[in-house]
Amino acid sequence: MQSSYLKVFLLCASLFIISKLEAQSKSVVISTNMGEIKIMLYDDTPKHRNSFIQLAKEGHYDGTLFYRVVKNFVIQGGSSDSKNAPAGKHIGYGSSKLTIDSEFQENRIHKKGAICAPRQPEDINHFKMSDISQFYIVQGKVYSNEELDLLEKATNNPIKIALKKKYYLPVKDSLAVLKKTDPKAFNALLRDVKEKIAFDYAVSNKLEFTDEQRKIYTSIGGLPELDGDYTVFGEVVSGMSVINKIAALKVDKNNRPLQDVKLVILTN
């Protein structure tokens, strides 16, 4: 009897948690001439969620195109200069007036179906602020663990080399002398160097995939190399087949589909 009560209690608790999560999340529908894509927007990226919904309600994105399509990478749209743009015109400049602070979250990654905000390059956008006047959706690809290892090394090795140059090389000669003349001072200095390197590395922009992230990227797929560089603020709930169809379209030299894909965003 107690077992039955426990099962009922756990079921009710699960339904409560699920309903609470659903109540907290907001969704929109991106309607295109190739089908509909339903997007759930995350609550832990509120600036992006609220700005995206506000612009959608104002009709900012309506009539724009998915103007940049790269198979196994992303489909990008929403830029106002794509409205009624003639064939062959280079578009997608976005708007410097619609930038917002980045909202990086470790658990929000570039998995397949993630919706994200593009931005200007770091040389003119040091704080990686997002251009919410447009967006992109990840198609990506499935990675192997070996490929993820290589991505980590490509990011982390230069960081380690730079820290070694900063902390170890200036005292390298002193360490060599102390090792012979004063082992105690040698150990103290070496320990200090290692602690500084370890601390700076820990707070650096190093790339270390969690087990959960590896599971996602090796099964669902995505674009792990973009993590930490662009804000992910939602994900596709349904309509991934539409994204795949758009990504398969023939494109011109600027990756603009030869067949226009117009979009309208419907909010609740």
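How do the residues of the lining of the second largest pocket divide into nonpolar, polar and charged? They divide into ten nonpolar, seven polar and five charged (Ala, Val, Leu, Ile, Met, Phe, Trp, Tyr, Cys and Pro count as nonpolar, Asp, Glu, Lys and Arg as charged, the others, Gly among them, as polar).

This is a predicted model, where local features need pLDDT of at least 70 and side-chain atom pairs pLDDT 80 or more, while totals for chains, interfaces and linings use all residues. Residues are numbered from 1 along each chain as its sequence is written, and side-chain values use heavy atoms, without hydrogens and water.

Select Tyr-67, Arg-68, Gln-76, Gly-92 and Pro-118, which lie nearest the centre of this pocket among its 22 lining residues. A pocket is an open set of points on a 1 Å grid over the protein atoms alone, where a 1.4 Å probe fits, with protein on both sides within 12 Å along at least five of seven lines; lining residues have an atom within 4 Å of a point. Its volume is about 460 Å³, the space filled by probe spheres set on the points.

Next, select Arg-119 and Asp-229, whose side chains meet in a salt bridge (4.0 Å, N to O); the term requires a side-chain nitrogen of Lys or Arg within 4 Å of a carboxyl oxygen of Asp or Glu.

Then select Arg-214 and Glu-152, another salt bridge, at 3.3 Å, N to O. Arg-214 is in helix α6 and Glu-152 in helix α3, 62 residues apart (helices are DSSP runs of H or I, at least four residues, numbered from the N terminus).

Technical notes. Helices (H or I, at least four residues) and strands (E, at least two) are DSSP runs, numbered from the N terminus.
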